[in-house]
Amino acid sequence: MRFQKGIMTACAVALTTAYAVASPLTPEDYCDTKRNAPARIKDITPLADGQSYAAISDDGKSIDIYSYKTGKKTGVLFSIDGQKGELKIDEFSGYQLSANGRKLLLWNNVEKIYRHSFTAEYYVYDMMRSTVKRVSSKGPQRGAVISHDGRFVAYERGNNIFISSLDYETDNQITTDGERNKVINGSPDWGYEEEFGMLNSMCWSADDNVLAFIRFDESEVPTYSFDNYRSFCDADPMGDPYPSAYTYKYPLSGYQTAKVSVNTYDLDNRKIKKMDLPITATDYVPLIQFGGADGMRLMVMVLNHDQTNLRLFDVNPLSTVGKQIYSDTSTDGWLSPTTYQMVDFATDGFVIASEKSGYRHLYQYDYSGSMRRQITKGDFNVTAYYGKDNIGRYFMQTTSLGAVNRNIAMVDAKGIFTLLNKEEGTASASFSSDRSYYVQNYSNTQQAPQYRIFSAKGVKMCDLELNEAYMKRFASAPKAELLKVKNDEGEEMDAYIIKPADFDSSKSYPLMMYQYNGPDSQEVTNSWKMGGNNYIASEGFVVAAVDGRGTGNRTRKWAYSVYKNLGVLETVDQLAGARYFASLPYVDSARTSCFGWSYGGYMTLMEMGAKGSPFKAGVAMAPVADWRWYDAIYTERYMLTPGQNSPGYQTSSAMGRTAGVNGRLLIMSGTSDDNVHFYNTLKYSSKLNFEGKIFDMMAYTGFEHSLGMCNARVQFYRKVVDFLKKNL
């Protein structure tokens, strides 16, 4: 759901084409995620010299080199027009640079699998010769990774791993037991991709002689099936008189997840070895990566099924012997993936995040397992780690100016903490390879993203893109204002309000409460957002949101308060927020509504059925209706299994609240949603029917969870506005 445009090719050059002429804003302007996106940097890659970076050109036909000092284009890594030899490609969707900087892995003809994964045709471009070689001619590939020297590409096809040798133009299959819905080698299953953010499960050792990979045994995971109806977005929407059945392995809460093992393939002797690790049939392996001074230490993370204990092993890929060098345990709740995914394996040790202090902070360890130092301390969270330079300075992103803000910070060799940008808002950084420069992306609720280059000391080098024309285009659009709202316990919740563009405090407006409120999530941030909620406000609604208990980047106590009882305290806090906003003099307390998507859709169902609910209308898009019908990795992280926590599953079920639904409900879902299945909507609506409730329902035929196809989001928000106007 991220759409990006290319970076400008020179400093202080404003975007002059896309938004040059102001005109009345339309639903498409607000809700089309391509149309309302400000200019962005596209696929930036720091280069080894520390002085330059690569980015895809605005027209998508080249990968250009830019200077960190000036922001100006200094060269070209690859160009569609610069290819030599017999084989040439006419487009590419992305790229990966080999560690030695001499080869580019390019891909095109992308076919989506799940939310992030895809198959594609992969190619390797030799920058010295300007020639292209095909990775494989035997069919599309998935999750390709290029070796450090650029001579080999490993990829998955048909659930097996292949290694393509560019020198000898061979394409060798190295695993043979892969089979759909049984065994996957080298690529993650649905749950690992969705819940651990894993895009492939292969990595090369530094000498490129060893390929490590995770093997997923799905044979005991229950199969999930649904009819896959064709949308009229498809090229042949009438071509399925008998709809096809889509079948894949999807473990619901309480069911068997994939059994995993870590393996290595030795290119010299062509043998596969299974690493000797204490991984049980229910454990997870959320990360494998090579590290250490020689790049030959295979680092393997093992997470217990309850996701409360993480162990890190240093494995010798030749002997298969692993030694535990780190562990992290929570006794009060789950271990957030944000912590253990924030890890950096350097030559002399590793940096990893932990929330053991009550906040997420960075710690440095050596490879013997001894902690060298706690890098960050204080009543704030580290939200990203950018690495360490050669004089001992650590760079990170933090919430040190409040949970809604993000600031770039540095800790020097003496442990002194310094903010590199001190403005409230949201700043992120893309650092050069030696951490001497960074491209900063900054925005706030009133300011669209601005891109500038800074030195590591925080000195501005150059303006890249300030989105001035874009800001003029959306000058009249309603924008969020941040505030604090108290819950029934007197605790402050972060909140925002979006007033209609022609707001008049003497008038009375209907209220729409928007929420997500999932564990460790954040809806309220001091960052630029322009989308469906702004459109709803432009149609005469006051739109508001609060981040209640369970949400992220405050204290762990705040997050853990919802452990094993999802939806209960969150609903209490959302209703407290609704009462506050309904009390404002310009809000009509008799015309209040709520709206959410995914976890937010679940919250809508919980709120509409809550005792004393103030909402006259509610919109639930792709909601979970009962946590027994959602995926095991996500649900059990916060709820444990139904067998461990039966009372919690009962109180957290929206199915148990249908009798309390008195306001008008609109429930919607995509029929091909592989994430939150349409089954949830069908089961919930069936119970409403059984109880004689009057409600509205809409299905998006052939659409997945995010409605990313065609213009569905524009139509969706028009439907939301139409429904709310009719029922408020």
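**Reading the features**

Guide: Let's start with a helix cap. Aspartate 631 caps the N-terminal end of H9, with a side-chain oxygen 3.0 Å from the backbone nitrogen of isoleucine 633. The polar contact rule takes a pair of N or O atoms within 3.5 Å; within protein, one must be able to donate a hydrogen and the other to accept it, and residues adjacent in sequence count only if both atoms are side-chain atoms. Helices (H or I, at least four residues) and strands (E, at least two) are DSSP runs, numbered from the N terminus.

Visitor: Before we go on, what sort of model is this?

Guide: It is a predicted model: local features need pLDDT of at least 70, side-chain atom pairs count only at pLDDT 80 or more, and totals for chains, interfaces and linings use all residues. Residues are numbered from 1 along each chain as its sequence is written, and side-chain values use heavy atoms, leaving out hydrogens and water.

Visitor: How many residues of H9 are buried, and what covers them?

Guide: Buried means under 20% relative accessible area, exposed over 50%, and partly exposed in between (1.4 Å probe, protein chains only). H9 spans residues 632-639, and eight of its eight residues are buried. The cover includes helix H2 (190-196), strand S20 (284-291), helix H3 (337-341), H8 and helix H10 (646-651). H8 (residues 599-608) is mostly covered too, with ten of its ten residues buried.

Visitor: At what angle do H7 and H8 pack?

Guide: Axes are lines fitted to C-alpha atoms, for helices over the stretch in contact, and angles run from 0 to 180 degrees between N-to-C directions. Angles under 35 degrees count as roughly parallel, over 145 as roughly antiparallel, 65 to 115 as roughly perpendicular and the rest as oblique. Helix H7 (residues 568-582) meets H8 at about 75 degrees, their axes 10 Å apart, so the two are roughly perpendicular. Glu570, Thr571, Gln574 and Leu575 of H7 touch Tyr599, Met603, Met606 and Glu607 of H8 (contact means heavy atoms within 4.5 Å).

Visitor: Which cysteines form a disulfide?

Guide: A disulfide is a covalent bond between the sulfur atoms of two cysteines; the cut-off used here is a pair of cysteine sulfur atoms within 2.5 Å. A search of the whole structure finds one: cysteine 233 and cysteine 710, with sulfur atoms 1.8 Å apart. Cysteine 233 sits in the loop between strands S16 and S17, and cysteine 710 in the loop between strand S43 and helix H12, so the bond ties together parts 477 residues apart in sequence. Cysteine 233 is partly exposed at 29% relative accessible area, while cysteine 710 is exposed at 54%.

Visitor: Why is cysteine 31 too far for a bond?

Guide: Its sulfur is 16 Å from the closest cysteine sulfur, which belongs to cysteine 710. Cysteine 31 is buried, at 3%.

Visitor: And phi, how do I read that?

Guide: Most residues other than glycine have a negative phi. Asparagine 109 has a positive one, near 50 degrees; this residue is found in strand S6 (residues 103-112) and is partly exposed at 46%. Glutamine 307 also has a positive phi, near 60 degrees, but lies in the loop between strands S21 and S22 and is buried at 0%. Just after H9, leucine 640 takes a positive phi of about 60 degrees.
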